[in-house]
Number of protein chains: 2
Amino acid sequence: MTSSDFPSEKRSYGLVVVGAGPGGFDAALEAAGEGIKVALVEKELLGGTCLNVGCIPTKLYLGATSPVEELEAQSKAKVAKGEIEIDFNALCTKKDRFIAATRKAMEQKAKNLGIDIYRATAKILEPGKVEVSRPGETAVLEYENLVLATGSHPTVFPGLEPDNETILDNTGFLSLTEMPESLLVIGAGFIGLEMAQIAHRTGCRITVVDAMDRVAVYEDPEVSKALQGIFKRRKWDIRLGVKVRSVSAENGKAVLRTEDGDELVADKALIAIGRRPNSSGIGLEALGIETAGPGFVKVNENLEAAANVYAIGDLNGHILLAHAASHQAGYVVRRIAGKTDGPYEHGPVPSILYGSPETMRVGSMPADLEGKGKVETSSFPLVANPIAQAYASTQGFVKVIWLDGKVAGITAVGHHVSGFTTAAAMIVQEGWTENDIHKVVFPHPSLDEALLGALKADKQAL
Amino acid sequence: MTSSDFPSEKRSYGLVVVGAGPGGFDAALEAAGEGIKVALVEKELLGGTCLNVGCIPTKLYLGATSPVEELEAQSKAKVAKGEIEIDFNALCTKKDRFIAATRKAMEQKAKNLGIDIYRATAKILEPGKVEVSRPGETAVLEYENLVLATGSHPTVFPGLEPDNETILDNTGFLSLTEMPESLLVIGAGFIGLEMAQIAHRTGCRITVVDAMDRVAVYEDPEVSKALQGIFKRRKWDIRLGVKVRSVSAENGKAVLRTEDGDELVADKALIAIGRRPNSSGIGLEALGIETAGPGFVKVNENLEAAANVYAIGDLNGHILLAHAASHQAGYVVRRIAGKTDGPYEHGPVPSILYGSPETMRVGSMPADLEGKGKVETSSFPLVANPIAQAYASTQGFVKVIWLDGKVAGITAVGHHVSGFTTAAAMIVQEGWTENDIHKVVFPHPSLDEALLGALKADKQAL
């Protein structure tokens, strides 16, 4: 490799972005759109975790295997019968092709906007200077503004190291070309639950283990309870409150041992116990930038970690979701471009678990609002909705959380409830009162009418 | 039958509602909730066309047969294979049970609120008096307010009368316990297209005939074009600009003859060429109420056809959609209860075609805005959306219509686009400008991001 692999001779930029995941890539794109000269540094793949080994491939798998679940629901309702076989090898290939094509389109888009892409690691040297390096090649970039968007990686505890043969992390799971007959899922968060559903749809026996006393612990407890009920009806072995001592590959099997001395064995194990920020090795110390907890970069109200240095997305730990990173990117660029000087504010950030069922949540849940005013909830069961009936998937509900008579949060669990997430985000953002419900004509019939039903239902004081 | 079949000895009501479809039933319910003494008169079934032979059973059929289409899409993408068989007899039974249960729940709800239900025909005698009658029984109800919500029925032209054996209307189609091998659909509106899709999914050969030059003529022409493309790829025989002379049952087959002398033959034909209001025989002349066109009741800005007499829903012909009727019902009851005295206003009323693909539309289309200001459009193709990719259903787009820099309308065609209808309705209602786009954090990944993409895309002047 020669120095010509680096895109430009000129090394001075209005903005250097480190990390080309959703946050970093969007920051680069939007800044270039503002006429700022941008360098985008990425040591691995454009698109980051989300595109390559996270949200996007997971959703591709869930979408592709969705007919299995839909047929199962209609079979139970005795109106359809049949067999569906998923070709996992073909699906994995399709996924790789789609992701590669997306990366290529991203690269082209960036180049069209005049963004210099450095495929290299980055290290801050001193204020205004970042060193980029790849084998045999090093350069120093000068920046007026720096956006750090290095993302996160899966948490690994001693005794739970993935080998990505038998003990998998998200990357290993998404590289499988055939599904195991049995899978141990360690961690009942969104990543674990979505991947468990994918495996389940291929006929894989599922065991889910979590240290907490419920699945999807960031959700409202009623949502967790509904999820557990649905998964248990699918014969999942869900073990909660379990302290895992070790997971190891033994004779080609995954063996989990608990602190209580229990032993669980499966063909493979998936470790999905959380994520840690990628904050080491990027030279934070050169600017005196501080971190908190497992390494989240501390930022001020403008998302600045130091003067003209911003940390966005998973790296600052505010909300570990791709769309939160993108939204922060938009703010930072508007700030750099002189279009805003106020602090970073975001409306309610929605969160979705995909699969069957889905969950959605936006705004505050009852537990967030203790002592903040008069908290009430109103809810509507999906069994009373004709679209849920049509899909023979009537388990679940929509729940509205009211604070002093205004909508403060909305959550739901059930078939396709992700569909009304944006509407729910707008309703929470606008803080609807009872009187606002008549403003908008909801379509009929629609799943959204379950949201309308929850908004109109009698309120229960908490 | 004795007079005790009528619910009450007292025949004096604050509100008499004629017709228990979505408009009439909601009016009765909401008025009872306001403490008004209500009589609800229905000559057929609670729930009207929508529940019994319209939107609800159609959606049940589309939902139940959805796995067929989803599997087909994944099969074409070569990641799944299999066979699904729909038991249409079981589906028809399930549908009948669900609808009967819903009617029962409606009746119970009405009774719990103290509503008197008269299973009878209604005829206005003079201001303040309606006669209700059923075989062997007649009574006169006195009203302070009257809501006419008698709905509509399928249009029948001479030479195109359904026998509901071979030549079907919506009621006949929804009574089938097995699907024919071939179906002639006369009328490419929403009813025809949804029912054609149901039949298609059971392997039925589809021919669609319409007098217009495109399908779904109330939609934006680009949407019609996309629909035609998708249906043609499914080998539908779509014949546009065809003048039908007659459809008749001959030797157990449906035979269609065109004005041009062509002849089309299929196992059955479905006639879905529009709907006419049920305005005759209800005594409109006793109050001097006028009708227009095919019999739509003329109303003033308060939806009044005469003093204290309201006509809502299909009967007034404003918008022939169930949710429009319900919304009008809410206004009328608030007016009767003294809670509003302004004219009837409704926000944008969304319209959805269900199936694969779906369409959604809300607000104004370009053709509606000619000469009203600076009209621009911006759009986003579904092929660039990861959720559409996940379902291997990437045909279609989202299109935003801008008037003088504000969102005036949104339409879309493609996989599950109904999901963002309520969000789109809110955006149109609020008349978003470019600056409003940043207000709301859209979830990622989601189909809604295609809507966001269309909002953000470069605008094209019309």
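## An antiparallel sheet in chain B

In chain B, strands E13, E14 and E15 make up an open sheet of three strands, ordered E13-E14-E15, with antiparallel pairing. Strand E13 (244–250) and strand E15 (263–266) of chain B are the edges; each has a single partner strand, so one side of each lacks a neighbour in the sheet. From one strand to the next, the twist averages 20°. The model is a predicted one.

Strand E14 (residues 253–258) of chain B pairs with E15(B) in the antiparallel sense, over four bridges. In this pairing B:Val255 lies opposite B:Val265 of E15(B).

## Sheet and hairpin in chain A

Chain A holds an open sheet of five strands in the order E9-E16-E10-E11-E12, and its pairing is parallel. At its edges are strand E9 (167–168) and strand E12 (237–239) of chain A, each of which pairs on one side only. Within this sheet, strand E10 (residues 182–186) and strand E11 (residues 205–209) of chain A are joined in the parallel sense over five bridges. The bridge partner of A:Leu183 in E11(A) is A:Ile206.

Elsewhere in chain A, strand E5 (residues 121–126) and strand E6 (residues 129–134) pair in the antiparallel sense over five bridges. A:Ile124 stands opposite A:Val130 in E6(A). The hairpin of E5(A) and E6(A) has two residues between the strands, and A:Gly128 adopts a positive phi there, near 95°.

## Domains of chain A

The domain assignment divides chain A into domain 1 (11–51 + 92–154 + 276–336), domain 2 (167–273) and domain 3 (351–461). Taken over C-alpha atoms, the centres of domain 1 and domain 2 of chain A are separated by 32 Å.

## Helix H10 of chain A

Of the ten residues of H10(A), eight are buried, so the helix is largely enclosed by the rest of the structure. The buried residues in H10(A) are A:Thr421, A:Thr422, A:Ala423, A:Ala424, A:Ala425, A:Met426, A:Ile427 and A:Val428.

Both chains contribute to the cover over these buried residues. From chain A, the cover includes strand E22 (351–353), strand E23 (358–363), strand E26 (406–414) and helix H11 (448–456). From chain B, the cover includes helix H10 (421–430) and helix H11 (448–456). After H10(A) comes A:Gly431, with a positive phi near 55°.

## The interface between the chains

Contacts between the chains involve 63 residues of chain A and 63 residues of chain B. On the chain A side, the elements that give two or more residues are helix H3 (55–76), strand E3 (80–86), helix H4 (88–112), helix H8 (322–336), helix H9 (386–390) and helix H10 (421–430). H3(A) provides the largest share of that side, twelve residues. By class, the side of chain A that touches chain B comprises 34 nonpolar, 19 polar and ten charged residues.

Strand pairing also crosses between the chains: E3(A) and strand E3 (residues 80–86) of chain B pair in the antiparallel sense over seven bridges. A:Lys81 has B:Glu85 as its bridge partner in E3(B).

Notes: Residues numbered from 1 in each chain as written. Chains lettered and ligands numbered in written order. Predicted model: local features only at pLDDT ≥ 70, side-chain atom pairs only at ≥ 80, totals over all residues. Contact = placed C-beta atoms within 7 Å. Nonpolar A, V, L, I, M, F, W, Y, C, P; charged D, E, K, R; others polar. Pairing = 2+ DSSP bridges. Domains from an automatic or database assignment. Buried ≥ 20, exposed ≤ 12 C-beta atoms within 10 Å, placed from the backbone. Axes fitted to C-alpha atoms, helices over the stretch in contact; angles between N-to-C directions.
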